[in-house]
Amino acid sequence: GALLVNERIDREELCGALSPCSLSFEIVVENPLELYSGTVEIQDINDNDPAFPSSQARLEISESVAAGARFPLESAQDPDVGVNSLQTYQLSANPNFALDVQTRVDGSKYAELVLEKELDREEQRELNLVLTALDGGSPPRSAHVQIHIDVVDANDNAPVFNQSTYKASVRENTPSGTLVARISAYDLDDGPNGDIVYSFSSHTPAKVRELFALDSATGELRVKGQLDYEEAKLYEIYLQAKDKGAVPGVAHCKVLVEVVDVNDNAPEVTVTSVYSPVPEDAAPGTVVALLSVTDLDSHDNGLVSDVNDNAPKASQDSYDVYVPENNVPGIPILNVSATDPDLGRNAHLSYTLLQGDTAFGHLFSINRENGTLYLLTSLDHEDQVEFGMMVQVQDGGFPPLDTNVSVSVFVTDLNDNAPTVLYPHPNTTAGYTDVVAPGTPAGHMVTKVVAVDADAGYNAWISYTLLQATDPSLFSVGPHNGEIFTARQLREDDAPEHTLIILLKDHGEPVLSTSATISISVAEMVKEVLTDLTDVAPASDPRRHVTFYLILAVILVSAAFFITMLSVGIFKCYKWRKSKELYNSSRSTTYRTPGPFHHIDAVRGGFTPPSFYHQVYLTTDSRQSDLLCKKPFTSSPLGSRQGTIRNGEPGLYHQIVGTASRLPTPAE
């Protein structure tokens, strides 16, 4: 049962940078039949020196570069792993540069020169430094590279990337030439000094250069080789942008490329035959073979297939979003979140806006992929306060399943409207003059400033302040209602004309205000004020004819009203006489038309027949109104009805006659 080494083992040849490095095997033991799995871990020894790609490195650095600038250096490679791999870098002593050792995502180290003291070409034209790479073995192994730095005059402006880190994801089966990311840098210089050339940084591993290609002019990073998720899940690519100046400026960025697994590996079935041939008398339950199934894909690609049996589930059924009015167009206001426990395409969600309570196609938009709701235009609280809509979340299964989420957008008010004066109207050319009599006591309301504010809530509260007056001691204004009162009793020596300027302010933030001008005359009669206004009016008022026509129209309307009322009175008298004649003629008729006396009899006598209806008679010449209960015609004696009327109130007869414009017929 001893396990022996057949040949010399080289861990770097077997596993490369993979750690831990292990070899697996299976052992079958018979009688009794058993299967054992074994693993041999190959441990690393420090048998490899770190190595730089070249023995010398050359840098050109402008004397105008500010302290703190960073310059990536070529990375050394060490095939050993763990503590035996490359651990750190050291830089020879110098007055200008320091060394900053950083760690990549995969744990490997790289070094950057950091300028601590600005260079001066007139003082020193070049510098020679030594960079040493050390591993963690005992004793440590090392490698050296000579760094020659030329100090030259560079451009005034170096290229600048629009972001320091780019992120992208590609599927492992992505064909060659597929665009991964597009980096972009700008240079404020003109001509060749502003032309930018993109390239890989000097410490980019050779494996990355084999898998990805970079367009030096456009900055497009494309797939070059065959990606394999099972080999590497993430690539950290360092790129640089350099202008074409005599002393080129350089900028650096990092691109993180995530490799997405695809189901490109079929399950593998391993059959280990342990009992063949099988004898015909083998007992039930006898082990014939051992089967094992593996799939090199990860996550869902390595499991049983999914069925679209789950609808998307939103994190909440409804959303209330509050947006201040006068917003900036194009801002995101909400992210609708939903999940689907299915896998693959069955779990891929898309978001769509359904028809809401308003035509909002030009107001709102939603990102189909991530559910971000955008506001496309500026809203106005005074125009519309609330918007309602439905967001449909649908998966990519067949048939697709979906769920709806209610979204309500409320527009909150901002103080963007100043108070508006309704009285006195500020835009009219004719002045409003209010009149107060001499000797008016204190506390008398003279007039009132009427104003509104289109805003809502606290922003619409208006306060009134007396800003300026001919005599500030004579009048006061109510701070909340705009009513103007006399602050003291008017005296004979008070000025006959007063002008008040009222300041109106709301309570918003910031405070908005407006003003109103009030003219008040002190006079015994309105005629005096009208005379004064006539004196100050322009000699040629184009509207004087309008006043004449208005007076004429009032006279004509008054005459028409008087004639109408006279006609109505004559008609009423005529109807009253007809009713009286009808009453007199009904005394000698046995089957007469029931008149108003019949209704009075029903009310006064308290008789309530099985079926009746109510009718209200209202008079135009009396302050009384009687509710009369009408009933079908009965053969009660006329004398009973007449007695009821005679015993009633003195004015009741006239009231009833005046109101009975329609008399019931015998059939009724």
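The side chain of Arg 11 reaches the backbone oxygen of Gly 16 at 3.0 Å; a polar contact is a pair of N or O atoms within 3.5 Å, where within protein one must be able to donate a hydrogen and the other to accept it, and residues adjacent in sequence count only if both atoms are side-chain atoms. The model is predicted, with local features requiring pLDDT of at least 70 and side-chain atom pairs pLDDT 80 or more, while totals for chains, interfaces and linings use all residues. Residues are numbered from 1 along each chain as its sequence is written, and side-chain values use heavy atoms, with hydrogens and water left out.

Arg 11 belongs to helix H1 (residues 11–15); helices (H or I, at least four residues) and strands (E, at least two) are DSSP runs, numbered from the N terminus. Arg 11 is buried, at a relative accessible area of 4%. Buried denotes under 20% relative accessible area, exposed over 50%, and partly exposed the range in between (1.4 Å probe, protein chains only). With neighbours within four places in sequence set aside, the residues in contact with Arg 11 include Leu 18, Cys 21, Ile 42, Asp 44 and Asp 80, contact meaning heavy atoms within 4.5 Å.

**Aromatic rings**

A pair of aromatic rings is described by the distance of the centres and the angle of the planes. Rings of Phe, Tyr and Trp (its six-membered ring) pair if their centres lie within 6.5 Å; planes under 30 degrees apart count as stacked, over 60 as edge-to-face and the rest as tilted.

| Pair | Centre to centre | Angle between planes | Class |
|---|---|---|---|
| Phe 161 and Tyr 198 | 6.4 Å | 50° | tilted |
| Phe 364 and Phe 387 | 5.6 Å | 70° | edge-to-face |

Phe 161 lies in strand E10 (residues 160–161) and Tyr 198 in strand E14 (residues 196–200), so that the pair links distant parts of the chain, 37 residues apart. Phe 161 is buried at 9% relative accessible area, and Tyr 198 is buried at 7%. In the other tabulated pair, Phe 364 is located in strand E26 (residues 364–366) and Phe 387 in strand E28 (residues 386–395), so parts 23 residues apart in sequence are tied together. Phe 364 is buried at 3% relative accessibility, as is Phe 387 at 5%.

A charge also sits over a ring: Lys 233 lies over the face of Tyr 229, at 5.2 Å from the ring centre. The criterion is NZ of Lys or CZ of Arg within 6 Å of the ring centre and within 35 degrees of the ring normal.

**Strand pairing**

Two strands pair if DSSP finds at least two bridges between them. An open sheet of 4 strands has the order E22-E29-E28-E25, with mixed pairing. Its edge strands, E22 (318–324) and E25 (349–354), each pair on one side only. E22 pairs with strand E29 (residues 402–412) in the parallel sense over 7 bridges, and Pro 324 stands opposite Thr 412 in E29.

Strand E7 (residues 109–115) is largely enclosed by the rest of the structure, because 6 of its 7 residues are buried. E7 pairs in the antiparallel sense with strand E4 (residues 70–72) over 3 bridges, where Val 114 is the bridge partner of Arg 70. Strand E6 (residues 97–103) also pairs with E7 in the antiparallel sense, over 7 bridges, and Phe 97 has Leu 115 as its bridge partner. E6 and E7 form a hairpin with 5 residues between them, and Gly 107 in the turn has a positive phi of about 95°.
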